[in-house]
Amino acid sequence: MNRHKRTVALAGLLVSLFASKLQAATLTLAWDPSANATGYLVYYGTRSGTYVTQVDVGSMTSVPVGGLADGSTYYFAVKAYDSTGLQSPFSAEVSGLTPPASITPAPSLGFAGDGRTALVLQSGSGMLQAWVLNGVTASGLNFTPAGILDPNWKIVGSADFNNDGYPDLLLQHAVTGGLYLWYMRAASLLSTTWLSPSGPTDPNWKVVGLADFNADGRPDVLFQHSVSGVLVVWYMNGPNLVGSSMFSPIGPNDPAWKVVAATDFNGDGKPDLLLQNKVTSVLVLWSMNGVQLSIASVFSPMGPLDANWKVVGVADLNRDGRPDLVFQHSATAQLLAWYLSGTTVVGGGSFSPAGPSDPSWKVVTVR
């Protein structure tokens, strides 16, 4: 090792792992090996340039750093040393944010404030309305404000981001891919904020679901790439990104398969992925363990005969404790329910009213 040029090149922090029940999170650090190095010293602390902890990790070039506080930013640097004990200068500093501590989600009050399921519809001009359900019978509920001024902003999901019991609305811009959050109190807008970061750098990444994939009690954002079909989840703390992960497998082999819902179908407390083929209308359930596929199952029947019927949401419509499917016809805007037992259809029927009179009104989320 040249004593004047002994440096360590850090590859950067890998994915944040978890926040445990003991308020101890872990970040995994990796770096490029340094020529002639026999070992490395990892330095870290909660202030940039101030490292209160030093760990000799031997010859390892990737190490999990545990015992960290939840929801905190840590700063890391590495030194190499050779067989004589001579040390290199500090590497470049990198930082990582540990996930927040887990929370208990508040009971859902819904858009009507009484816990009933609602279909949220958005028109081609950006107007909004909720259809509050009693089974498959709907009654209208207006939003305040009545619509979105720029119709390029599309509602792509609903979830309780601030844990107040009321579902909030996530909007994505159809052109830029930007993400904007509406905090709601029932059907009334309270405040707005950008997500941080404000959106994916590639607008082909489309939000296809909101669900808690890391079991911390908070909704996360599921993306699917519209060209490749690849899946990525953003782990969130409210509107703030705290980590991300690819799926295994990384996505369906055929990009015609689109994720149309992310919810717990098999009752294990973990969100599963419902995929529909946009050409054939066939339905497949990916039963998931976090971001790892456990088993894939085809529905019975495999899907609607008319491929214009698209799944627009999942809810327990017949109150049997199991998720059911809500379809909307892409041409007529009519609505249809399939009652499920696992992946087997056991009944169904039309809604009342049968659908919006103007086919430009589309169901954008069910909560």
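How many helices and how many strands are there in the chain? The chain has zero helices and 28 strands, where helices (H or I, at least four residues) and strands (E, at least two) are DSSP runs numbered from the N terminus. The model is predicted, so that local features need pLDDT of at least 70 and side-chain atom pairs count only at pLDDT 80 or more, while totals for chains, interfaces and linings use all residues. Residues are numbered from 1 along each chain as its sequence is written, and side-chain values use heavy atoms, with hydrogens and water left out.

Along its principal axes, the C-alpha trace of the chain spans about 80 × 40 × 40 Å. Of the 367 residues, 49% count as buried (under 20% relative accessible area, with a 1.4 Å probe and protein chains only). Among contacts (heavy atoms within 4.5 Å) between residues at least 6 apart in sequence, 49% join residues at least 24 apart.

Strands of a sheet pair through backbone hydrogen bonds, either parallel or antiparallel. In this chain, four strands form an open sheet in the order E5-E4-E7-E8, with antiparallel pairing; two strands pair if DSSP finds at least two bridges between them. Strand E5 (53-58) and strand E8 (94-97) stand at the edges with a single partner strand each, so one side of each is left without a neighbour in the sheet. Neighbouring strands of this sheet are turned by 30° against each other on average, direction ignored (axes are lines fitted to C-alpha atoms). Strand E4 (residues 39-45) is joined to E5 by five bridges, and the two run antiparallel. Tyr-40 stands opposite Gly-58 in E5.

Note on methods: Axes fitted to C-alpha atoms, helices over the stretch in contact; angles between N-to-C directions. Buried < 20%, exposed > 50% of the residue type's maximum accessible area, 1.4 Å probe, protein only.
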